[in-house]
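I opened my notebook to record what I looked up in this structure. The entries follow in the order I made them.

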Amino acid sequence: MMSNDHILNPETMPQSPEKATLEGKNKFLGLWFFLGGETVLFASLFGTYLSLKNSTAGGPTSEELFGLELVFIMTIMLLTSSLTSVYAMYHMKNNDFKKMQLWLGITGLLGIGFLAMEIYEFAHYITEYGFTFRSSAFGSAFYTLVGFHGGHVTFGILWLITLMIRNAKRGLNLYNAPKFNTFSLYWHFIDVVWVFVFTVVYLMGKVG
Amino acid sequence: MSIAATQKQGFGAVIWDYLTTVDHKKIAHLYTFGGGFFFILGGIEALIIRIQLIKPENDFVSAGFYNEVITMHGTTMIFLAAMPLLLGLMNAAVPLQIGARDVAFPFLNSLGFWLFMFGGILLNCSWFLGGAPDAGWTSYAPLSTTSPGHGVDFYVMGLQIAGAGTLIGGINFLVTIINMRAPGMTYMRMPLFTWATFVTSILILFAFPALTIGLFLLMFDRMFDSAFFDVTLGGNTIIWQHLFWIFGHPEVYILILPVFGLFSDIFSTFSKKRLFGYTAMVFATMLIAFLGFMVWAHHMFTVGLGPVANTIFSIATMAIAVPTGIKIFNWLATMWGGSITINSAMLWSLGFIPSFTVGGMTGVMVATVAADYQYHDTYFVIAHFHYVIVGGTVFGIFAGFHYWWPKMFGRILNETMGKIAFWTFFIGFHLTFFIQHFLGLMGMPRRYWVFLEDQNLDLGNFISTIGAFFMAIGVIVFFINAIYSQVKGEKAPADPWDGRTLEWSIPSPPPYYNFKQLPLTRGLDPLWVEKTEGNGKMTPAEPLGEIHMPNNSFIPFVMSLGLFIAGFGFIYQTDNNAWFIALFGGMAIALGAMIVRSVKDDLGYHISKEELEREADE
């Protein structure tokens, strides 16, 4: 029954530790399919938002509400966090656990920064403009779409923290490498979704 | 540990085993029991509908209760009976058909089942807690957003939880079929049922998220006062219809494609012939799935989307008749000149062809926009979709269980009872639904509680109700057969049907690791290839060695239970804030279970080579 040993304490790490085992390959492919489903999920939300974005019911419009400065900084933060997660995966493939943890930590901090700014943004709309989830169909659609994305970021951060703490002392092996890799894929995905949120909600809302 | 599992266990141990199992064969049993239970429930609801309509202005049930019964009949049959029973057959057959020891994610397989089960139970709790959902299985807004009481809330939460389970199941089968095929089992050598499962899983993956979002919007409107469907605040009720049918139309192909695959396997096995037009069958399946995504608005012809949109969706819908026709002709050609055995599995399959074809023809009729203004919301539509769903999916489920019962449970179902069940159900089915075409054409609207006397609807409705009782007798005979065969039935050999595919090359029921050595596939219908060109046995593709197995886990049950509790919290927090305790408590249980799963290493165990050799001697 010692045959799990080579997975937990491999003598040499292969080139792509995240896909060295069948379980790793399955996780990799499974997450890709999951992201395919998530695409439809967000597509449905975008469709709903696009059809309701002018239904302000007399409340503030998107031109009056949105300020591109804050959203621009949020975009930069999330895009950068995607880059730092790439660095982390690069160090994973080189079997450099410490550097991987470092870059993952930076990724998490950028994510938390993004989330804090989003919470500030929502609070600003609610207190300054009285623009809430309940005030109009536009409000419902806006908070639902952007909030679903924010919820995905929150879940990602919790996932990342769990992974980092759990594996802090034991380093990289063939069992946890796929887990780090699937997190990184997921993180890229929510970054891509944000690019669409930025374009469709904020840019089109301000200019379109 | 592994040897003990094959020995006699106490009752408690068996229950615990099923609560924690991650074995696809046992999960198939669970889906069968769960789906079978809800099938009976949905059947009772159907009988209540038909008894109410047996004569004009009947007062068997009240109008409000009738609305609850029609809503729950549709919802139960589609989400809680047909899909789980199909998932049960997929779990039973697909890993064996591709020569795998289990699915790619055994843990998620178990989670998918428990989510379905708890979602179904949550939905049906509504009966005892102030009334079931009553806005129809389609739950159109604003009917659903303004429906009083908590009925529709149960619909929203129950389907959300059950739907998550189905999505997980879909991803699992996709990865299993891509990554876990045995050596030599190329894509174009996969049995049609495996192909159909693969394509169905793609449909599940891309269709269910639209329902998820639809349900979220409905949930937010009902429970958190958002304004998606509130026209006074700029909302738009048509969004629900679009989201529901973007999911809902692929859903009908999710129901029918697996049985198309299953019939292909059955026709080929019992005609002793290779499936006619294998490649065409595979591509027809894909084409149906592809077109299935772009026809959703044919459910909305009368909404007023305009002539251009209606025409495009009408033509796309009619186009689906082409690949479906290819399939019908290929099945006929498979039987042509074959050495045909007629048993219960084959009877259900033979009954399917004309029944489903009638449903397909009325499908083209309702796809015609101008004519659909006449058919819409009448019994003609009811007759149409029961011909495809009962004549297709339900016939297929019965055929599939007759075919794979020996492999699933180690016993052969009794043939005499099987034939009695088929003929009563078959006659009852046509008696119930054929006449409904004409009731619909004469203008009888669907979902009405009563109809008036002397409008030429009396006799038709009476005949329809009599037919429903025949169907009920057929189902009861089948269930008696299942229990009887389990107790007194003939023990099944490994290959009772002179089969063609890999599942028949191992014992019935298979050992928990399925294949001692993974088999080498040398062509389409691999076992048949060995029977005609080899020694009748599969050649091993690997030497006897250790087998890696996943550990059982109770976490899927706990996680689903957490969401179940949270579901009640969501539903009742509108009445009393104290229910937020249930909401957050339930979510904490579910999230906690996820974290436990995440931080606890679960590498599975290995069956040693010596142990496998010992078992071979027994």
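Predicted model: local features only at pLDDT ≥ 70, side-chain atom pairs only at ≥ 80, totals over all residues.

**Two loops with positive phi**

I looked up B:Asp225 and found it in the loop between H7 and H8 of chain B. Helices here are DSSP runs (H or I) of at least four residues, strands are runs (E) of at least two, and both are numbered from the N terminus. Phi of B:Asp225 is near 60 degrees, a positive value in a residue other than glycine. B:Asp225 counts as partly exposed, because it has 14 C-beta neighbours inside 10 Å. I noted the cut-offs: a residue is buried if 20 or more other C-beta atoms lie within 10 Å of its own, exposed if 12 or fewer, and partly exposed in between, with C-beta atoms placed from the backbone.

Residues are numbered from 1 along each chain as its sequence is written, and chains are lettered from A and ligands numbered from 1 in the order in which they are written.

Then I turned to A:Asn95. Phi is near 60 degrees there too, again positive in a residue other than glycine. A:Asn95 sits in the loop between helix H4 (68-93) and helix H5 (97-129) of chain A. With 16 other C-beta atoms within 10 Å, A:Asn95 is partly exposed.

**Chain A as a whole**

How many helices and strands does chain A have? I counted 7 helices and 0 strands. Along the sequence the pattern reads α-α-α-α-α-α-α. The C-alpha atoms of chain A fill a box of roughly 70 × 30 × 25 Å along the principal axes. Chain A has 208 residues, and 39% of them count as buried. I also checked contacts, meaning pairs whose C-beta atoms, placed from the backbone, lie within 7 Å. Of the contacts in chain A between residues at least 6 apart in sequence, 82% join residues at least 24 apart.

**A:Glu18**

Is A:Glu18 buried or exposed? A:Glu18 is buried, because 24 other C-beta atoms lie within 10 Å. I found A:Glu18 in the loop between helix H1 (5-8) and helix H2 (22-52) of chain A. Setting aside neighbours within four places in sequence, A:Glu18 is in contact with A:Gly24, A:Phe28, A:Ala177, A:Pro178 and A:Asn181. From A:Glu18 to A:Gly113 I noted 95 residues in sequence and 28 Å in space, C-alpha to C-alpha.

**Where the chains meet**

Next I looked at the interface. Here 35 residues of chain B are in contact with 34 residues of chain A. On the chain B side, the elements giving two or more residues include helix H6 (151-179), helix H19 (580-599) and strand E4 (605-607). H7(B) gives the largest share of that side, 8 residues. By class, the chain B side has 23 nonpolar, 8 polar and 4 charged residues. Ala, Val, Leu, Ile, Met, Phe, Trp, Tyr, Cys and Pro count as nonpolar, Asp, Glu, Lys and Arg as charged, and the others, Gly among them, as polar.

**Helix pairs in chain B**

I checked H8(B) against helix H9 (residues 278-292) of chain B. They pack at an angle of about 170 degrees, with axes 10 Å apart. H8(B) is therefore roughly antiparallel to H9(B), a label for angles over 145 degrees. Axes are lines fitted to C-alpha atoms, for helices over the stretch in contact, and angles run from 0 to 180 degrees between N-to-C directions. Among the contact residues are B:Tyr253 and B:Leu257 of H8(B), with B:Thr285 and B:Ile288 of H9(B). This contact divides into 7 nonpolar, 4 polar and no charged residues.

Helix H15 (residues 415-441) and helix H16 (residues 458-488) of chain B pack at about 155 degrees, with axes 7 Å apart. H15(B) is thus roughly antiparallel to H16(B). Their contact has 20 nonpolar, 11 polar and no charged residues.

**Two cis bonds**

Last, I looked up cis peptide bonds. The bond from B:Ala141 to B:Pro142 is cis, with omega near 5 degrees. B:Pro142 lies in the loop between helix H4 (106-125) and helix H5 (143-146) of chain B. The bond from B:Ser508 to B:Pro509 is cis, with omega near -15 degrees. B:Pro509 is in the loop between strand E2 (490-491) and helix H17 (526-533) of chain B.

Technical notes
Contact = placed C-beta atoms within 7 Å. Parallel < 35°, antiparallel > 145°, perpendicular 65-115°, else oblique.
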